[in-house]
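Please keep the sequence and the model in view while reading. The paragraphs below move from strand pairing to an annotated site, and then to the ligands and a helix.

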Amino acid sequence: MASAFFASPKSVASPPNMPRCALLNPAGEGRRRDSVKAGVVTEVTPSVIDDLVRPPVLTGGEAGKLAAWRSVRQERWQGEMPVEGDIPRWLSGTYLRNGPGLWNIDDYDFRHLFDGYATLVRVRFEQGRAVAAHRQIESEAYKAARRNRRVCYREFSEVPKPASFLSYVGELASLFSGVSLTDNSNTGVVMLGDGRVVCLTETIKGSIQIDPDTLETLGRFEYEDKLGGLIHSAHPIVTESDFLTLLPDLLRPGYLVVRMEAGSNERKVLGRVKCRGSVPAPGWVHSFAATDHFVVVPEMPLRYCVQNLLRAEPTPLYKFEWHPNSGSYVHIMSKATGNIVASVEVPPYVTFHFINAYEEVDAEGRITGIIADCCEHYANTDILEMLRLQNLRSFAGHDVLPDARVGRFRIPLDGSPQGELEAALDPEEHGRGMDMCSINPTYLGKKYRYAYACGARRPCNFPNTLTKIDLVEKKAKNWHQEGAVPSEPFFVARPGATEEDDGVVISIVSDKNGEGYALVLDGRSFEELARAKFPYGLPYGLHGCWVPKKQ
Ligand SMILES: CC(=O)/C=C/C=C(C)/C=C/C1=C(C)CCCC1(C)C
Ligand SMILES: CC(/C=C/C=O)=C\C=C\C=O
Ligand SMILES: [Fe+2]
């Protein structure tokens, strides 16, 4: 089977111990600050952070600022949190959240939210108490940056600068072999069916196993197969029995759909989707969806671009290009056979995150179509630019957050060439902001009613509410606190629950005065049940998972 993107044998894809690093060019888009003082943070467990990457101590006006877009204050911390309100006593287990929490090396500031080195946060709930910790993931990229005081691998937008033309040629070779790509697993964290916990990003080498109790980095998660490939979807679909993901293929535009059984490290090919777009590059697949019987493979007009992958300086769309006229598609693959059972053209769309998908069934029980929901940005790529740190840090009260909606695809299975894309509810219900979603995992791939996401209370420059969306009543309930930035609302069902929204929603909030807390909302009423305070605000984070307490 042909391997995905810049096919490389596994032995080549593995990084050398010592990467070749090049000098940073301070005149690039990434900026150096005028002065930085490394100081001591005294209010919590002493830090083990290397002085080289210690973020500056915030003083005066800075100290009170929103922590969401500031580097984490120290490499690790743990402790019990004071709780306001009542955490349900049935909530027993560990919430883990991953995200890019360190955006500087010395005084060099990164450009983009997605460039930051991964910071893991955990909140262990037991008997109404909350014990939390955070810790940097020890990726090769992070360790090399610490050792060498510079970016050493290709991040989302940051690229190590070649010292000479000859080393630039070397860089090209290393990009094609995958050696220069980052393993900074800063996007998500999943618990596999066998209990192993793995942090992920879009590079395959950025799959890193961690210990959910200590947050210690245990080592790279090795895929023990011959598939090769360098990139995959950042959001595999993980169940008790398997791990399903997509490997985009940039050479023969398409996607491999692969499955790995719980307990195994071997991905097996389920099938291949051939891209239909008039531009020979697959669309970006940050995530995808699946129903009980089918995999929903998106092909959006925001496409990977090989030239942009090779560039030293970022383009407006980073590694991607917008080709609205290339066609936008959704492909449906049978899980049983790997065959494509539908491939429809749909209106142009931009999405990072699929919410869920399910099968529509007629009165005789025949599957007639697929519904797939996503956080859709009205086919507008501005969101990528908006996520530059400079933009996130410079909110001046103007409403600059581009609109987003619950985009609902309707994909007929009767051979029709077209699919539909419409808002599933009036986007005003959630302030026309919509991303970072979760559902009750029991309803994964099944007809469902509720989605939880970050929405907007305008004016804002970033989603600043938590929203519970009722897709049947087409209404939303919203949680908002002025000046606060909540991260992905994560639903945890009450043991024994029979109603879809019987549970709690957890989010980690960066508050306006440099403070922060873990928030627990009631799944039904969406009212606050409790908040547990961190000793200092944590940076914004991306995706989480739940590790139930071992019985
Ligand atoms: C944090 C998040 O949502 C996305 C992170 C994406 C990353 C780190 C993508 C990295 C990439 C490279 C380093 C080169 C290859 C392309 C691409 C997958 C965009
Ligand atoms: C945080 C985000 C979009 C917010 C906009 O509304 C997207 C994150 C994507 C990666 O996980
Ligand atoms: Fe994501």
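Strand 10 (residues 188–191) and strand 11 run antiparallel and are joined by 4 bridges; two strands count as paired if DSSP finds at least two bridges between them. Helices (H or I, at least four residues) and strands (E, at least two) are DSSP runs, numbered from the N terminus. Within this pair, M191 stands opposite V197 of strand 11. The hairpin has 5 residues between the strands, and G195 takes a positive phi near 95° in it. On its other pairing, strand 11 meets strand 12 (residues 208–210) in the antiparallel sense over 3 bridges, with Q209 of strand 12 as the bridge partner of V198.

The model is predicted: local features need pLDDT of at least 70, side-chain atom pairs count only at pLDDT 80 or more, and totals for chains, interfaces and linings use all residues. Residues are numbered from 1 along each chain as its sequence is written, while chains are lettered from A and ligands numbered from 1 in the order in which they are written.

The annotated site comes next. An unreviewed UniProt entry places the feature "binding site" at H235, H286, H353 and H543. These residues span 309 residues in sequence, yet no two of their C-alpha atoms are more than 12.5 Å apart, so they gather at one spot. UniProt positions are given in the numbering used here, feature names are shortened, and annotations may be inferred rather than shown by experiment. H235 is found in the loop between strand 13 (217–220) and strand 14 (237–238), and it counts as buried because it has 22 C-beta neighbours inside 10 Å. Neighbours within four places in sequence aside, H235 is in contact (C-beta atoms, placed from the backbone, within 7 Å) with G188, H286 and S287. H353, by contrast, is found in strand 24 (residues 351–361). With the same exclusion, the contacts of H353 include H286, S287, D435 and M436.

Among the residues around ligand 2 are T187, F352, D435 and M436, a residue being near a molecule if its C-beta atom, placed from the backbone, lies within 6 Å of it. Ligand 1 is surrounded by 17 residues, and T187 is one of the closest, together with F114, F156, E202 and K319. The shell of ligand 1 divides into 8 nonpolar, 5 polar and 4 charged.

An open sheet of 4 strands has the order 28-29-30-31, with antiparallel pairing. Strand 28 (435–438) and strand 31 (475–480) stand at the edges, each with a single partner strand, so one side of each is left without a neighbour in the sheet. Strand 28 pairs with strand 29 (residues 450–455) over 2 bridges, and S438 stands opposite Y452 of strand 29.

Finally, helix 3 (residues 140–148) has E140, A141, Y142, A144 and A145 buried. Their cover includes strand 6 (104–105), strand 8 (117–126) and strand 9 (129–136). R149, with a positive phi near 55°, follows helix 3.

Notes:
Nonpolar A, V, L, I, M, F, W, Y, C, P; charged D, E, K, R; others polar. Buried ≥ 20, exposed ≤ 12 C-beta atoms within 10 Å, placed from the backbone. Contact = placed C-beta atoms within 7 Å.
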